[in-house]
Protein chains: 2
Amino acid sequence: MLIKRDFLPQKGKWSLVGGFLEAKESLDQAALRILNNLTGLNDIYLEQLYTYGDTDRDPGERVLSTAYYALIKAGDYHLPIKRESTAKWFPIEKIPNLIFDHNIMVDKAMRRLKRKSLSQPIGFELLPEKFTIPQLQKLYEVIHQRELDKRNFRKKILSMGLLKKLNEKQKSGSRKGAFYYRFDKEKYDDFVSRGFHFEI
Amino acid sequence: MLIKRDFLPQKGKWSLVGGFLEAKESLDQAALRILNNLTGLNDIYLEQLYTYGDTDRDPGERVLSTAYYALIKAGDYHLPIKRESTAKWFPIEKIPNLIFDHNIMVDKAMRRLKRKSLSQPIGFELLPEKFTIPQLQKLYEVIHQRELDKRNFRKKILSMGLLKKLNEKQKSGSRKGAFYYRFDKEKYDDFVSRGFHFEI
DNA sequence: CCAAAAGTGTTGACCGTACACCCATGA
DNA sequence: TCATGGGTGTACGGTCAACACTTTTGG
């Protein structure tokens, strides 16, 4: 999600969403507040990415920026966006030139996400409650920017035992319909606490 | 490397090394400067770890801390440490209670290092120019806090083709003596640029 | 001659990858 | 009936893990 800057410098260019830390809030709280102000969303997965501290990043004055990235469930982004006029979603491969070092931030976030997706079932944060295996596969394909074999993907994902199959099919998107699944929260917690690695 | 605080609050407790960012330096430069002031070392591998921004981390006043960790070659730490009276090296498993959230920082650094050691030959930064395979193995054992099978370790490491065997033995440490090796810088760069993963 | 660390190969289990066809259904 | 995406199994090769004995040499 990018916003079109409506003030100088670089007015009119696309930019990541940002704001200033207040005296009595933590960095995490600030990130939540800023995201919430723009989108109205709560309960969003947020993770600190990196702190950018070069003296000349912002040509105006010296600014330190601690970048965070959020994972927002597919479907939630239909919610009304507050400053709708300026905020817009972009597919990751079509991100335009951004102000300052923001493209570097996006790049770092993507690398973090790729790595993370190999050691944690991030679908939890990015998919709706009920989702199909083809949906999950597409998520991994977008993150890793390559196509995956559906037989192998399904085998791998199911072998982890984290998914519960529901007795319900998604009817949109195909003639046949795809079964919905749900993450098994308990097994997931086991998994995470033991740490796992997973090639894809 | 820890220092004993010689000022309040928490005077006498162990602490990580820190300092304040100056107006005209980047975070990276500040980290280098602070490390150099204490140890006299240059050309040290430094990596930003995380920025701690809770409002009550320091009971005195509000402080934001961007933590960095350094990898210092075994052997270099024999160099005279400037503030020698207060700085001391600790084995990782014997780190005492530290001030504020510094134990959390150490913990995060260790986790980062474990992960990193699986995707990059960190021996480059941590071992002297010439090193033996048993030395390299001990490095991985310390980082991962478990023993490794020397046959498997040797096989794995050599199969990567990153090491050049020298015609020289380390005579201390064993009767038989162990051959020295050296990293092959070119192949290493290839490796890193292609990215690799490596189970241990 | 002996203690102590260096050095060496094989095997089985598991996992990743490649690959092709049938199924269900709405139009 | 057909186009579309969902769903399934097998076989090969590579990699990890387990495991025990020989070599060298200073004391």
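This is a predicted model: local features need pLDDT of at least 70, side-chain atom pairs count only at pLDDT 80 or more; totals for chains, interfaces and linings use all residues.

User: What rotation superposes chain B on chain A?

Analyst: Copies are superposed by least squares on the C-alpha atoms of residues with pLDDT of at least 70 in both. Here the rotation is 180°, with 0.0 Å of shift along its axis and an RMSD of 0.1 Å. The two copies are thus related as by a two-fold rotation axis.

User: How many residues does each chain give to the contact?

Analyst: Contact means heavy atoms within 4.5 Å. By that rule, chain B contributes 21 residues and chain A contributes 20 residues. The copies meet through the same surface, because 95% of the interface residues of chain B are also interface residues in chain A.

User: What area do chain B and chain A bury between them, and what share of it lies on carbon and sulfur atoms?

Analyst: Buried area is the accessible area (1.4 Å probe) that two parts lose on being put together, summed over both. For chain B and chain A the value is about 1400 Å², with 50% on carbon and sulfur atoms.

User: How many residue pairs are in polar contact between chain B and chain A, and how many salt bridges does the rule find there?

Analyst: A polar contact is a pair of N or O atoms within 3.5 Å; within protein, one must be able to donate a hydrogen and the other to accept it, and residues adjacent in sequence count only if both atoms are side-chain atoms. The count is 8 residue pairs, both residues at pLDDT 80 or more. For a salt bridge (a side-chain nitrogen of Lys or Arg within 4 Å of a carboxyl oxygen of Asp or Glu), the interface gives 0.

User: Which elements give two or more residues to the side of chain B that touches chain A?

Analyst: They are helix H1 (27-39) and strand E3 (45-52) of chain B. Strand E3 of chain B gives the most, with 4 residues.

User: Which residues come nearest to DNA strand D?

Analyst: A residue is near a strand if one of its heavy atoms lies within 4 Å of it. Of the 19 residues around DNA strand D, the nearest are A:Lys150, A:Arg154, A:Lys155, B:Arg151 and B:Lys156. Sugar and phosphate make up 38% of the DNA strand D atoms that come within 4 Å of the protein. At the bases, a polar side-chain atom of A:Lys150 lies 2.7 Å from a base oxygen, and a side-chain N or O atom of B:Arg151 is 3.2 Å from a base nitrogen.

User: Which residues are closest to DNA strand C?

Analyst: Among the 19 residues that surround DNA strand C, the closest are A:Arg151, A:Lys156, A:Arg175, B:Lys150 and B:Arg154. Sugar and phosphate account for 40% of the DNA strand C atoms within 4 Å of the protein.

Definitions and conventions: Residues are numbered from 1 along each chain as its sequence is written. Chains are lettered from A and ligands numbered from 1 in the order in which they are written. Side-chain values use heavy atoms; hydrogens and water are left out.
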